[in-house]
Amino acid sequence: MDAVVCTVSGRMQSCTEFSPSSHVTRHCLPAFHCRRFPSGGIGRTLAAKLKPDYLPGAGSLAFSSSCSSSSSSPSFLSSLPKGANEDDAEYIRKCVELARKALGFTSPNPMVGCIIVKDGHIVGEGFHPKAGEPHAEVFALREAGANAKGSTVYVSLEPCNHYGRTPPCSNALVKACVSRVVVGMVDPNPLVSGKGVETLRKAGIEVITGVESQLCEALNEAYIHRIQNKRPFVTLRFSQSFDGVFLESTPVDCTTGSYYSKLLQENDALIALDSALSEDIKLLSSEVGCKQPLRIILSNDLKLPLESNVFDTSHAPSLVIARQQALVHDLEKSSRTGCQTMESLLLERGVELVAVPELNLKSALDVCYDRGFSSVLIDSRGRDSDTNFLGRQAIEDGVVEKVIVDIFPSIGSDKGSGSGLLMDGGSLPLERLSSRISGSHIILEGYMMR
Ligand SMILES: [Zn+2]
């Protein structure tokens with residue numbers, strides 16, 4: 001049996017003995033890494049990563065798939081940069097845990113956590129709660145007060161060095177006379193990128209960067225993507241049967257803790273087709289205190305089922321994107337029949353309507369980017385076509401970064417079709433694969449290879 005060394009606990013144990021849930025309970029950490037050595041000698045180093053938000057619903061499959069993965073992707077390697085130690089890594093992991101308290105609230109800003117340690121004790125901590133509010137370092141410095149002098153500051157992302165809605169954190173750290181700053185990852189934002197670190201070093205502060213960098217990058221994968229590509233990070237989700245039949249209208253479990261509820265929590269917006277809407281569908285996350293995503297409904301002809309819960313905006317906002325031509329027809333019909341226009345019916349419900357010349361995913365993603373969204377979930381279901389219409393378009397447009405497939409425990413379906421996403425029959429490779437159990441379903445996740 002292969003042995004696993006946990007870099008958090010340092011204990012060596014077999015894969016089957018290693019329990020992610022007990023591990024998390026013991027260390028209260030957001031994620032952990034395993035170094036795996038094949039039997040009979042030290043082989044290549046791999047790291048297994050489990051996402052804390054999925055752990056409650058993850059069964060043994062989720063763990064064993066991570067631990068037995070044959071992937072050797074460098075993005076999963078965990079090593080300490082020069083000058084850093086295991087305590088530094090643990091504090092950065094705690095920073096990530098803190099940062100995740102603002103999951104779903106910070107776009108277009110990143111999630112950031114900060115901890116200040118003096119003489120081995122935490123004297124201050126904080127996280128960035130939402131755009132426009134103070135940064136993580138500010139909260140941590142406030143709590144630390146005079147104890148910040150001579151301390152070590154841990155922060156999951158490089159301190160900012162520019163005047164935005166708040167003054168630079170790098171200056172605040174210099175002013176507080178901290179001795180050492182440990183940074184999870186350098187900020188890819190050109191306004192910051194290395195300048196925060198430079199300011200600190202010029203002031204004589206020791207700075208170490210790149211501690212648990214992969215974990216910090218995973219935390220802000222959507223923010224990084226938005227900054228580098230000028231468009232939101234897109235996740236495509238769809239359901240299928242065990243034998244690969246695309247399920248068009250099967251309900252998805254959205255109870256608290258389910259993978260779907262958490263997906264809605266971590267995305268700024270969700271895009272679905274009007275044909276996917278039924279009366280009972282809500283597209284609401286059940287996570288306590290979460291920020292609901294903007295529910296974007298694409299409509300070709302503005303024939304919308306207004307009785308659907310998606311048009312109840314008392315718990316979450318909704319927006320319809322429709323073809324301009326459909327609005328013209330809607331107005332003509334209203335003049336002819338004397339009935340209210342769909343536009344006014346939507347406005348009565350607090351639903352926003354945006355008209356575009358051509359209805360496609362690019363126009364919807366442009367709307368999302370302009371609103372400062374970093375992450376968008378494309379939920380491909382609905383009866384607009386006999387195949388996975390929305391998913392197919394997303395793949396063909398090349399806008400998808402991550403794919404999540406919800407495998408239902410059934411063979412075949414009377415509400416689906418069996419064709420794949422690519423019309424030309426080709427294939428596109430996925431990487432960084434993972435799997436987990438959510439209820440009675442298997443959830444597969446992979447990233448498009450770039
Ligand atoms: Zn800042």
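## What covers helix α8

In this predicted model, the buried residues of α8 are covered by elements that include α7 (213–219), β9 (233–240) and β15 (375–379). Helix α8 itself spans residues 221–229. Its buried residues are A222, Y223, I224 and R226.

After α8 comes K230. The phi of K230 is positive, near 55 degrees.

K402 stands opposite Y447 in β19.

## The five-stranded sheet

An open sheet holds five strands. Their order is β5-β4-β6-β7-β8, and the pairing is mixed. Which strands stand at the edges? They are β5 (121–127) and β8 (206–209). Each has a single partner strand, so one side of each is left without a neighbour in the sheet. On average, neighbouring strands of this sheet are turned by 15 degrees against each other, direction ignored.

Edge strand β5 is joined by six bridges to β4 (residues 113–118). These two run antiparallel. I115 stands opposite E125 in β5.

## Helices on the sheet

Helix α3 (residues 86–99) lies across β4, β5, β6 (152–157), β7 (180–185) and β8. It runs at about 140 degrees to β4.

Helix α4 (residues 136–144) packs on the sheet as well. It touches β4, β5 and β6. The direction of α4 makes about 145 degrees with that of β5.

## Two nonpolar cores

Which residues touch the most other members of the largest nonpolar core? They are I271, I296, A364, V376 and A394, in a core of 55 residues. I271 touches I296, L298, A364, V376, I378 and D379, leaving aside residues up to four places away in sequence.

A second core is separate and has 44 residues. Among them are C114, V155, V181 and V211.

Conventions. Residues are numbered from 1 along each chain as its sequence is written. This is a predicted model: local features need pLDDT of at least 70, side-chain atom pairs count only at pLDDT 80 or more; totals for chains, interfaces and linings use all residues. A nonpolar core is a set of buried Ala, Val, Leu, Ile, Met, Phe, Trp, Tyr and Cys residues joined through C-beta atoms within 7 Å. A residue is buried if 20 or more other C-beta atoms lie within 10 Å of its own, exposed if 12 or fewer, and partly exposed in between; C-beta atoms are placed from the backbone. Two residues are in contact if their C-beta atoms, placed from the backbone, lie within 7 Å. Helices (H or I, at least four residues) and strands (E, at least two) are DSSP runs, numbered from the N terminus. Two strands pair if DSSP finds at least two bridges between them. Axes are lines fitted to C-alpha atoms, for helices over the stretch in contact, and angles run from 0 to 180 degrees between N-to-C directions.
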